[in-house]
Protein chains: 2
Amino acid sequence: MNSLDRLITLFSKLPGIGKKSAGRLVYHILDTDPVYARTLAEELNALHSAIKRCTRCGSFTETDPCPICSDPGRDTGLLCVVERAQDVRVIEESKEYRGLFHVLGGLIAPLEGVNPGDLAIGRLFNRIKDDGVREVILALNPTIEGDTTALYIQKFLNEKFSDNINGNKLEISRLAQGLPVGGDLEYADRLTLSRSLRGRIRM
Amino acid sequence: MNSLDRLITLFSKLPGIGKKSAGRLVYHILDTDPVYARTLAEELNALHSAIKRCTRCGSFTETDPCPICSDPGRDTGLLCVVERAQDVRVIEESKEYRGLFHVLGGLIAPLEGVNPGDLAIGRLFNRIKDDGVREVILALNPTIEGDTTALYIQKFLNEKFSDNINGNKLEISRLAQGLPVGGDLEYADRLTLSRSLRGRIRM
């Protein structure tokens, strides 16, 4: 196996990249200025030592705490719970949210051996208790695992903060489900349509 | 811009990889054992120095001449002309072909400034003349550029070898065009269908 084949095998281990596209990538890199391959190699080498997890929210960062957790302009009363560190980026890019984040590190999936104890739910509880959080937004994927996890966390937090927190009741919300913007009614699945009906908004 | 963003930008320069998939790849690499990132970096660093072009056929190789050109079991009378080095791999994987290859390095596309003089057509002529080639198979993409290039090479070779070569007339063929195996008549486009009709095979 030569250098080319080894690189194709490595690339084909990445998600969504099969043997064919891996080949296309490697041949493209071969056809490109060697500087590109060298720069990519350098960045890959540095990645794991440069990027750590924020000890507060669990997202990937070069500094600890991360720029979001240490930004004094953020609303510390608002906590957005996401499955994975990369979800932080997605929500940040919407430029709609000015609170803090909390990365769970997964979703409850008993069949795959992921139980509530494997997720950062205990740390979530501590952050809410200690940091004066008013509202928790559950921004989990609209899948069975996401819905299960959201329900579990909602029940867990409602029990823990049954009376009130810092004088107020803790609010728990989740992202709205419905038609994607620019989507077409005709192509919406039954479940999405029924959720968009149930969650309809008065105009 | 931190290490993560720089790597995402680099990955999104690869063909078929947008900003979103680049993010997915980088986060996946972050979640994976650092050994993977290091190995990938090493292979990328070594790629351009390890892989050269074969001076005979023009394909990518670690040794010159390449393993195919130096394989004594190959039929040297058969020459398969392809557009790019990666096409050699595709044809090799079919395990149907036992001759040699010739990489053109592109297709004739006057609008993009690629003229016959930019392709390895002169070298093709020399190889046919010197190596006793009986048949040239034009394995170019079934596109306008591919068909134009195939026609050009056919005319060029027919003129050059108008009488005969090494006692025999040079045969020139091209890959059959028609329905892809497992395809559906209903979804075949008009041109493919008309070519599969014209090229129909008696049973």
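Guide: Contact here means heavy atoms within 4.5 Å. The model is a predicted one. By that cut-off, and leaving aside neighbours within four places in sequence, C54(B) is in contact with S59(B), T61(B), D64(B), P65(B), C66(B) and C69(B).

Visitor: Why is C54(B) called buried?
Guide: Buried means under 20% relative accessible area. C54(B) has 3% relative accessibility, so C54(B) counts as buried. The residue sits in the loop between β1 (52-53) and β2 (60-61) of chain B.

Visitor: How far apart are C54(B) and D64(B), in sequence and in space?
Guide: They are ten residues apart in sequence, and their C-alpha atoms are 5.2 Å apart. D64(B) is also joined to P65(B) by a cis peptide bond.

Visitor: What is the omega of the bond from D64(B) to P65(B)?
Guide: Omega is near 0° there. P65(B) lies in the loop between β2 and β3 (75-82) of chain B. In chain A, a cis peptide bond joins D64(A) and P65(A), with omega about 0°. P65(A) is placed in the loop between β2 and β3 of chain A.

Visitor: Which residues make the contact of α1(B) with α2(B)?
Guide: From α1(B) come L4(B), L7(B), I8(B), T9(B) and F11(B), and from α2(B) come K19(B), A22(B), G23(B), L25(B), V26(B), Y27(B), I29(B) and L30(B). By class they are ten nonpolar, two polar and one charged.

Visitor: Which residues of helix α4 (residues 85-93) of chain A are buried?
Guide: They are A85(A), Q86(A), D87(A), V88(A) and I91(A). These buried residues pack against β1 (52-53), β2 (60-61), β3 (75-82) and β4 (99-103) of chain A, together with α2 of chain B.

Visitor: Why does K95(A) count as exposed?
Guide: Exposed means over 50% relative accessible area. K95(A) is at 74%, so K95(A) counts as exposed. The residue follows α4(A), in the loop between α4 and β4 of chain A. K95(A) is not a glycine, although its phi is positive, about 55°.

Visitor: What makes K95(B) exposed?
Guide: The cut-off is over 50%; K95(B) has 75% relative accessibility and therefore counts as exposed. Phi of K95(B) is near 55°, again a positive value in a residue other than glycine.

Visitor: How many residues of chain A and chain B are in contact?
Guide: 43 residues of chain A are in contact with 43 residues of chain B. The area buried between the chains is about 4500 Å², and carbon and sulfur atoms give 68% of that. Y27(A), L44(A) and H48(A) supply 15% of the area that chain A buries against chain B, more than any other three residues.

Terms used:
Residues numbered from 1 in each chain as written. Chains lettered and ligands numbered in written order. Predicted model: local features only at pLDDT ≥ 70, side-chain atom pairs only at ≥ 80, totals over all residues. Heavy atoms only, no water. Helix = DSSP H or I, 4+ residues; strand = E, 2+ residues; numbered from the N terminus. Nonpolar A, V, L, I, M, F, W, Y, C, P; charged D, E, K, R; others polar. Buried < 20%, exposed > 50% of the residue type's maximum accessible area, 1.4 Å probe, protein only. Buried area = accessible area lost by both parts, 1.4 Å probe.
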